[in-house]
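This report describes a single protein chain through its sheet, its aromatic pairs, its nonpolar cores and one loop. The sequence and structure are shown first.

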Amino acid sequence: MLQQVIQDVTGQDFSTLMDSLVLTPLGMEHSTFQQPLPANLESRAAVGHGNDGKPLPGRWRIQPELAAAGLWTTASDLARFALAVHAAANQSPEALLSASSAAALTTQRFINFSLGLLIRRNGEHVWFTHNGGNEGYRCLMYAYLTSGEGAVVMTNADAGMALASEIINSIALEYGWPGFIPEEFW
């Protein structure tokens with residue numbers, strides 16, 4: 001519904017608006033909300049795989065609900081988004097968001113959730129996470145609000161969340177992420 005409200009108020013389609021307001025300013029050059037995926041990007045897109053491990057018929061699905069499920073991105077572009085959240089939370093001069101918007105994005109409001117992010121705390125250590133998935137794909141992003149440390153893992157399989165979680169847990173252990181609490185996804 002919010003996607004439709006945004007389009008109605010601005011008079012612009014969601015994909016164009018997100019490109020000009022978010023993707024381009026953050027340097028997310030390999031990301032788009034265009035659906036269907038433009039033909040010139042198809043060769044760079046990973047084929048989705050179902051629970052049975054077989055490629056999806058047609059390679060992937062078209063997602064009409066762009067705000068909720070329409071982002072085509074890469075791990076490096078999603079990491080740029082995480083760094084932008086870090087910059088905004090720390091009120092860096094180059095931050096895309098105002099201090100009040102950054103606070104709204106990174107303050108726990110509903111149990112551990114802010115506006116779209118899961119905020120985790122362990123003592124003085126605070127990090128945010130977001131997982132996502134469309135049919136054939138799973139993704140997991142973690143980043144610390146204070147240090148900016150983090151990682152993004154993307155898979156092209158419905159069964160990929162357990163693997164993504166294990167990779168994040170291994171990265172956290174290897175790099176000694178402070179206060180990190182491992183999570184299990186299955």
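## The sheet and its helix

Four strands form an open sheet in the order E1-E2-E3-E4, and their pairing is antiparallel. Strand E1 (118–122) and strand E4 (150–155) are at the edges with a single partner strand each, so one side of each has no neighbour in the sheet. From one strand to the next, the twist averages 15°. The model is predicted: local features need pLDDT of at least 70, side-chain atom pairs count only at pLDDT 80 or more, and totals for chains, interfaces and linings use all residues. Residues are numbered from 1 along each chain as its sequence is written, and side-chain values use heavy atoms, with hydrogens and water left out.

Helices (H or I, at least four residues) and strands (E, at least two) are DSSP runs, numbered from the N terminus; two strands pair if DSSP finds at least two bridges between them. E1 and strand E2 (residues 125–134) run antiparallel and are joined by five bridges. Within this pairing, asparagine 122 has histidine 125 in E2 as its bridge partner. Helix H6 (residues 161–175) packs on the sheet, where it touches E2, strand E3 (137–144) and E4, and its direction makes about 25° with that of E3. Contact here means heavy atoms within 4.5 Å. Axes are lines fitted to C-alpha atoms, for helices over the stretch in contact, and angles run from 0 to 180 degrees between N-to-C directions.

## Aromatic pairs

Eight aromatic pairs are found in a search of the whole structure. Rings of Phe, Tyr and Trp (its six-membered ring) pair if their centres lie within 6.5 Å; planes under 30 degrees apart count as stacked, over 60 as edge-to-face and the rest as tilted. Tyrosine 142 and phenylalanine 180 form an edge-to-face pair, at 5.5 Å centre to centre and 65° between the planes. This pair links distant parts of the chain, 38 residues apart: tyrosine 142 is in strand E3 and phenylalanine 180 in the segment after H6.

Phenylalanine 180 also pairs edge-to-face with tryptophan 177, at 5.4 Å centre to centre and 75° between the planes. Tyrosine 142 and phenylalanine 180 are both buried, as is tryptophan 177. Buried means under 20% relative accessible area, exposed over 50%, and partly exposed in between (1.4 Å probe, protein chains only). One aromatic cluster is formed by Trp127, Tyr142, Tyr144, Trp177 and Phe180.

## Nonpolar cores

A nonpolar core is a set of buried Ala, Val, Leu, Ile, Met, Phe, Trp, Tyr and Cys residues joined through side-chain atoms within 4.5 Å. The largest has 13 residues, and those with the most contacts inside it are Val85, Leu117, Phe128 and Met141. Helix H4 (75–89), E2 and E3 are the elements that give two or more residues to this core.

Not counting residues up to four places away in sequence, leucine 117 touches Val85, Leu105, Asn112, Phe128, Thr129, His130 and Met141. Another core, of twelve residues, lies apart from the largest one and includes Tyr144, Ala151, Met161 and Phe180.

## The loop between H2 and H3

Threonine 32 lies in the loop between helix H2 (14–23) and helix H3 (66–69). Threonine 32 is buried, with a relative accessible area of 8%. Leaving aside neighbours within four places in sequence, threonine 32 is in contact with Ser15, Leu23, Leu37, Leu41, Gly70, Leu71 and Trp72.

Glutamine 34 lies in the loop between H2 and H3 and is partly exposed, with a relative accessible area of 39%. The side chain of threonine 32 reaches the backbone nitrogen of glutamine 34 at 3.0 Å.

Note on methods. A polar contact is a pair of N or O atoms within 3.5 Å; within protein, one must be able to donate a hydrogen and the other to accept it, and residues adjacent in sequence count only if both atoms are side-chain atoms.
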